[in-house]
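This report goes through one protein model part by part. Please keep the structure open while reading.

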Amino acid sequence: MQPVRLFASIFLTFLLATCEPQATRTPIPSSLSTAPITTSQPEIIRTVTEVPVTPQGISCGEWQSLPVIPTVSETARELYQRGQADGNHPNSFSKVGDGEISTQWFFTAFELGARYYDLGPYQNLYSVIEYFAGSFGRSGVAAKRGFKTDRILDPTLSDSTVCESGESPLTCELRLQRPAFAVLSLGTNQVWQPEEFETGMRQILDILITKSIVPILSTKGDNLEGDHRINRTIACLAQEYDVPLWNFWSAIQPLPNHGLQPDLEHLTYGITDFDDTHAMQSAWTIRNLTALQALDAVWRGVTTQP
């Protein structure tokens with residue numbers, strides 16, 4: 001067994017043994033042996049680092065056609081520069097959102113060392129892993145299973161051991177981390193409250209921009225609402241605020257069952273091995289890859305003159 005698969009298996013076994021069960025959650029499979037295998041790979045995934053160019057003539061209403069890897073605008077560059085002047089940490093990012101971003105399956109392998117992941121043909125991503133070391137495995141206070149926009153903004157739900165009186169989980173996290181970037185992943189828990197979701201997202205974005213932090217918005221993988229309204233809202237907010245959008249939904253469409261478990265909510269599990277054909281047919285593997293590519297593209301985009 002290859003080292004990355006051995007250590008990933010040990011790590012997965014440990015996490016499954018220690019994670020608190022949820023009655024409403026479908027357990028993550030401990031093996032990939034039953035997942036369908038195909039030989040095709042998502043064509044939308046980049047193999048080299050480059051600063052994306054803003055697509056011309058694509059509106060937020062056509063969000064499904066937007067690229068997976070975020071575009072970087074002059075607005076984002078100016079926001080980053082203001083943040084540096086304000087003292088934001090250039091090699092730090094915060095996770096903001098629900099279980100899809102707070103789980104140990106997301107990004108943690110990059111913090112544990114090369115034995116826990118394999119970049120395969122994406123060796124160019126080593127630099128972004130090294131640059132943001134310390135943020136990948138950090139359990140921030142603004143990302144938690146079951147979180148919605150209102151909970152992230154609710155001071156009564158802050159961690160009293162680290163947060164000050166009156167601080168929401170979001171404002172507490174931003175004070176503790178002082179990040180240059182924030183990766184946002186929300187929406188699944190609010191598919192039946194789209195207006196509430198949009199209002200809350202606007203408040204979150206306003207706070208981030210006031211603190212000169214570059215938001216990286218993410219579309220969600222599911223369509224529990226049936227009409228993609230939440231993802232359309234996310235894309236439109238990214239366009240309105242002129243901030244980067246990581247179109248994760250598009251990245252997993254070529255996968256078996258579009259990367260979803262039978263409940264059509266949870267993502268299919270795969271180890272963080274980008275050189276493994278089987279793993280690359282799993283949504284969690286693609287999620288970690290494209291999230292890393294998105295972070296790399298935004299980081300390079302805001303620090304490189306167009």
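## A residue in strand β1

Val96 belongs to strand β1. In this predicted model, Val96 is buried, with a relative accessible area of 0%.

Which residues does Val96 touch, leaving aside its neighbours within four places in sequence? Val96 is in contact with Ile101, Ala142, Ala143, Ile152 and Leu170, and also with Ala182, Val183, Leu184 and Ser185. Leu174 is 78 residues away from Val96 along the chain, and the C-alpha atoms of the two are separated by 10.0 Å.

## The protein as a whole

The protein has eleven helices and four strands. Its length is 306 residues, of which 53% count as buried. Consider the contacts between residues at least 6 apart in sequence: 77% of these join residues at least 24 apart.

## The sheet

Four strands make an open sheet in the order β1-β2-β3-β4, and their pairing is parallel. β1 (89-97) and β4 (245-246) are at the edges, and each has a single partner strand, so one side of each has no neighbour in the sheet.

How many bridges join β1 to β2? There are six, and the two strands run parallel. Ser94 is the residue opposite Ala182 in β2. Next in the order, β2 and β3 pair over four bridges, again in the parallel sense. Ala182 is opposite Pro215 in β3, and Leu184 is opposite Leu217 in β3. Strand β3 (residues 214-218) is joined to β4 by two bridges, and these strands also run parallel. The bridge partner of Leu217 in β4 is Leu245.

## Covered strands and a helix across them

β2 is mostly covered, with seven of its seven residues buried. β3 is mostly covered as well, with five of its five residues buried.

In a regular strand, side chains alternate between the two faces of the sheet. From β3, Val214, Ile216 and Ser218 point one way, while Pro215 and Leu217 point the other way; all are buried. Helix α9 (residues 229-241) lies across β3 and β4, and runs at about 155° to β3.

## Two packed helices

Two packed helices are described by the angle between their axes and the distance between the axes. For helix α2 (residues 74-86) and helix α11 (residues 283-303), the angle is about 80° and the axes are 8 Å apart. The angle makes α2 roughly perpendicular to α11, because angles of 65 to 115 degrees count as roughly perpendicular.

Which residues meet where these helices pack? On the α2 side they are Ala76, Arg77, Tyr80 and Gln81, and on the α11 side Gly301, Val302 and Thr303.

## A residue in helix α6

Thr149 is part of helix α6. Is Thr149 buried or exposed? Thr149 is buried, with a relative accessible area of 0%.

With neighbours within four places in sequence left aside, the contacts of Thr149 are Leu186, Gln190, Glu196, Phe197, Gly200, Met201 and Ile204.

## Aromatic rings

A pair of aromatic rings is described by the distance of the centres and the angle of the planes. The structure holds 20 aromatic pairs. One of them is formed by Phe110 and Tyr117: the ring centres are 5.2 Å apart and the planes are at 70°, so the pair is edge-to-face. The cut-off behind this is that planes over 60 degrees apart count as edge-to-face. Phe110 and Tyr117 are both buried.

Phe132 and Phe181 form another edge-to-face pair, at 5.8 Å centre to centre with 75° between the planes. This pair links distant parts of the chain, 49 residues apart. Phe132 is in the loop between α5 (126-131) and α6 (149-152), and Phe181 is in strand β2 (residues 179-185). Both of these residues are buried.

A ring can also have a charged residue over its face. Here Arg287 lies over the face of Phe248, at 4.8 Å from the ring centre.

Conventions: Residues are numbered from 1 along each chain as its sequence is written. Side-chain values use heavy atoms; hydrogens and water are left out. Rings of Phe, Tyr and Trp (its six-membered ring) pair if their centres lie within 6.5 Å; planes under 30 degrees apart count as stacked, over 60 as edge-to-face and the rest as tilted. Buried means under 20% relative accessible area, exposed over 50%, partly exposed in between (1.4 Å probe, protein chains only). A charge sits over a ring if NZ of Lys or CZ of Arg is within 6 Å of the ring centre and within 35 degrees of the ring normal. Two strands pair if DSSP finds at least two bridges between them. Contact means heavy atoms within 4.5 Å. Axes are lines fitted to C-alpha atoms, for helices over the stretch in contact, and angles run from 0 to 180 degrees between N-to-C directions. Angles under 35 degrees count as roughly parallel, over 145 as roughly antiparallel, 65 to 115 as roughly perpendicular and the rest as oblique.
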